[in-house]
Amino acid sequence: MNTTGKATITRLRTGVQGLDEVLGGGLPEYSFNVIAGTPGCGKTTLAHQMMFAMATPERPALYFTVLGEPPLKMLRYQQQFDFFELDKLNRSIRFVNLADDTATGDLDKVLSRIVAEVELRQPGLVFIDSFRSVVLASQSQGHSFISLQQFIQNLGVLMTSWQATTFLIGEYFTDNDPNPIFTVADGLIWLRQSVQRNSVVRKMEIMKMRGSPTQPGLHTFRISTAGIHVFAPPHLVDPQRLAPVADGSPRLKTGVPELDEMMGGGLPAGYSLLVAGPSGSGKSILAMAFLAEGARHGETGVIAAFEQRPNRSRGGLMAELIESGRVGVIDTRAAALSVDEIASLLINEIHRLKATRVVIDSLSGFELALAPTFREDFRESLSRMVAALASTGVTVLMTSELEDRYADLRFSPYGTAFLTDAIVLQRYVEVDSRLQRVMAVVKVRGSAHSNELRSFTINDQGIQVGGMLLGQEGLLGGAPSRNSSFPAAPTGPGHG
């Protein structure tokens, strides 16, 4: 019993991955909604996916088609989606063709036919596709704006009194259209798509949903054989949850014992680590060692690889970890990716595997994989993603490709070094006309760490860290170095 005196709004699960979250918990039952957008943006697919998910024998659906695609043609294409259930047709779902009624341009006749079908079938869900065809037909017969507004208001009142959740699907090109349908509707879901170069990006906006704490802004979505998947921006977390880990908190081993020592005992759990360096310096090898070390301690991990995708067929330890389910792999091969999409996939995989370690290899490849429209705010979106990953409690290792300018010390081309709790720099120095790999721990927030520049090599066992570089006049391998060139590392515990 509701003792607060407030009306309780039941929310329906839409069956569209990510949409319920954007809607603030689902679609309000008995609401009067508009699904609008340009041709080909996914309106009918969205409507069908929701219909097949929500329709039951107790809550049947009635789908009116107007001057759009004939029902048989529409169903032929919709059968290609995984959400399509043939058994629901003519049981929980029924299609009615309004083409002949709409062609007359008589709104009273159209409304009468809808009323007759609703009274006969007693549906809990009603869809009219395309409702804009009704509007155009009435305008061609000289019906005024007032009569159209009255028609929409009457339809809305009737649907609510019949306790039906209603969807009007229509092709609209701008939300500036002074259409009465936008005013009367409880919910307005606007689908958009844009083409930049050779990429197509689809976005959804909940412009209106009465009584719902919807997530504002544009949300990217993708259409696949599974249907529509909406990628909501990851939640920004309470800054208190991102407080520096105090000394004595659990430390994770990286898989390179000497690096753990340089970091003051390992990487604090829940931290984000940026491994920056030029091509071939060993960033990906360190990232794989990080995941493998976690698996040795019974932890699971997730990797989003944008350069060399881990492959089961190549063999080796990483392939074994993937095959056994101890490391999950995010599919980064789709075209026109967004940061929100990758963040959503990562978080879903983290929850599925109960993962404690995440690798993103690399930020450079990540940016190149994005659709051009998403590269402009890459830094801002990446900040949201790192914060969202931190809120799950995982420890994150990200790699960043740097052009090695020898005497120029930089950590990231995106200005993202401040986003991470720790930084490890890998680079080359020239020693006796040879390139030597060196690494340094630049930052471990809130923790003491080494300020040494240490040489390292890569062999079949992975990264092997050697001795400290002593400076321009120092010794490396027992020989004086006259041609070495490297910057001094930042000093001091907890630098940065």
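Which residues in α15 are buried? I started there, keeping in mind that this is a predicted model.

**Helix α15**

I went through the helix and found Phe378, Ser381, Leu382, Arg384, Met385, Val386, Ala387, Ala388 and Leu389 buried. Next I looked up what covers those residues: the cover includes strands β14 (272-277), β17 (357-361) and β18, plus helices α12 (339-353), α13 and α14 (372-375). I also checked the helix length. α15 runs over residues 378-391, and its 14 residues should span 20 Å at 1.5 Å a residue; the end C-alpha atoms are 20 Å apart, so the two agree. After α15 comes Gly393, with a positive phi near 90°.

**Whole chain**

I stepped back for the overall numbers. I have 15 helices and 24 strands for the protein chain. Of its 496 residues, 53% count as buried. I noted an accessible surface of about 22,300 Å², with 49% of that belonging to carbon and sulfur atoms. For contacts with a separation of 6 or more, 69% are between residues 24 or more positions apart.

**Thr420**

Where is Thr420 placed? I found Thr420 in the loop between β18 (395-401) and β19 (422-431). Leaving out residues up to four places away in sequence, Thr420 touches Ser272, Leu274, Met398, Lys443 and Arg445. Its side chain also reaches the backbone oxygen of Ala422, at 3.4 Å.

**Aromatic rings**

I counted 8 aromatic pairs. One of them is Phe81 with Phe83, stacked at 5.2 Å centre to centre with 10° between the planes. Phe81 is buried at 16% relative accessibility, and Phe83 is buried too, at 12%. Phe306 and Phe366 have ring centres 4.6 Å apart and planes at 10°, so I logged that pair as stacked. The Phe306–Phe366 pair links distant parts of the chain, 60 residues apart: Phe306 is in the loop between β15 (301-305) and α11 (316-323), and Phe366 is in helix α13 (residues 363-369). I have Phe306 as buried at 14% and Phe366 as buried at 0%.

Which residues form one aromatic cluster? I got Phe52, Phe81, Phe83 and Phe84. I also looked at a charge over a ring: the charged end of Arg357 sits over the ring of Phe290, 4.6 Å from the ring centre.

Most residues other than glycine have a negative phi, and most peptide bonds are trans, so I went looking for exceptions.

- I found a cis peptide bond from Asp361 to Ser362, with omega near 0°. Ser362 is in the loop between β17 and α13.
- Tyr30 is not a glycine, yet its phi is positive, about 70°. I placed Tyr30 in the loop between β2 (27-28) and β3 (32-37), and at 32% relative accessibility Tyr30 counts as partly exposed.
- Lys354 also has a positive phi, near 55°, in a residue other than glycine. Lys354 is in the loop between α12 and β17. Is Lys354 buried or exposed? I got 68% relative accessibility, so Lys354 counts as exposed.

Technical notes:
Residues numbered from 1 in each chain as written. Predicted model: local features only at pLDDT ≥ 70, side-chain atom pairs only at ≥ 80, totals over all residues. Heavy atoms only, no water. Helix = DSSP H or I, 4+ residues; strand = E, 2+ residues; numbered from the N terminus. Polar contact = N/O pair within 3.5 Å; in protein donor to acceptor, adjacent residues only side chain to side chain. Contact = heavy atoms within 4.5 Å. Phe/Tyr/Trp six-rings, centres within 6.5 Å; stacked < 30°, edge-to-face > 60°. Buried < 20%, exposed > 50% of the residue type's maximum accessible area, 1.4 Å probe, protein only. Lys NZ or Arg CZ within 6 Å of the ring centre and 35° of its normal. Areas by Shrake-Rupley, 256 points an atom, 1.4 Å probe, with all protein chains shown as cover. Expected span 1.5 Å × (residues − 1).
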